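Notebook open, structure on screen. I want to look at the aromatic rings and then at the nonpolar core.

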Amino acid sequence: MKSLIFLLDAAPQAAQQPSAGGSMSMWIMLILIFVVMYFFMIRPQRKQQKELQKFREGLKKGDKVVTVGGIYGEIIEVNDKTALIRVDGDVKLRVDKQGLVKDYSEAAADEYKK
């Protein structure tokens, strides 16, 4: 019985002593997780957004483009926020520049081949 009381008294004292190495390794692991997330997720996404913005700012008459919805067309007119594209024959659509995602002109095709 005395040994049981001794164990019960010793248990709270052992639980109160923090391990110094455990908390430091936890912080190191958290920092490493954020660093890996930055280099594998955030950084490539920002690069892709910058390239897409550069593409949209450089649109000009005659470029062959694809919309987000998968509609292929040729740019006829470009404004600040919109572009007029010819889809087929006399069919023309005015689309928001944010809806244009790819360039299929010959210059872009040569660039993709490299």
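Burial cut-offs go down before anything else: I call a residue buried under 20% relative accessible area, exposed over 50%, and partly exposed in between (1.4 Å probe, protein chains only). This is a predicted model, so local features need pLDDT of at least 70 and side-chain atom pairs count only at pLDDT 80 or more, while totals for chains, interfaces and linings use all residues. Residues are numbered from 1 along each chain as its sequence is written, and side-chain values use heavy atoms, with hydrogens and water left out.

Aromatic pairs next. I pair rings of Phe, Tyr and Trp (its six-membered ring) if their centres lie within 6.5 Å; planes under 30 degrees apart are stacked, over 60 edge-to-face, and the rest tilted. By that rule I get two aromatic pairs.

Tyr 38 and Phe 39 pair edge-to-face, with 5.2 Å between centres and 80 degrees between planes. Tyr 38 is partly exposed at 35%, and Phe 39 is partly exposed at 47%.

Tyr 72 and Tyr 104 make a tilted pair, 5.8 Å centre to centre and 35 degrees between the planes. Tyr 72 is exposed at 52%, whereas Tyr 104 is partly exposed at 41%.

Now the core, meaning buried Ala, Val, Leu, Ile, Met, Phe, Trp, Tyr and Cys residues joined through side-chain atoms within 4.5 Å. Which residues make up the largest one? I find eight: Phe 55, Leu 59, Val 65, Ile 75, Ala 83, Ile 85, Val 95 and Leu 100.

I also checked contacts (heavy atoms within 4.5 Å) for Ala 83. Leaving out residues up to four places away in sequence, Ala 83 touches Glu 77, Val 78, Leu 93, Arg 94, Val 95 and Leu 100.
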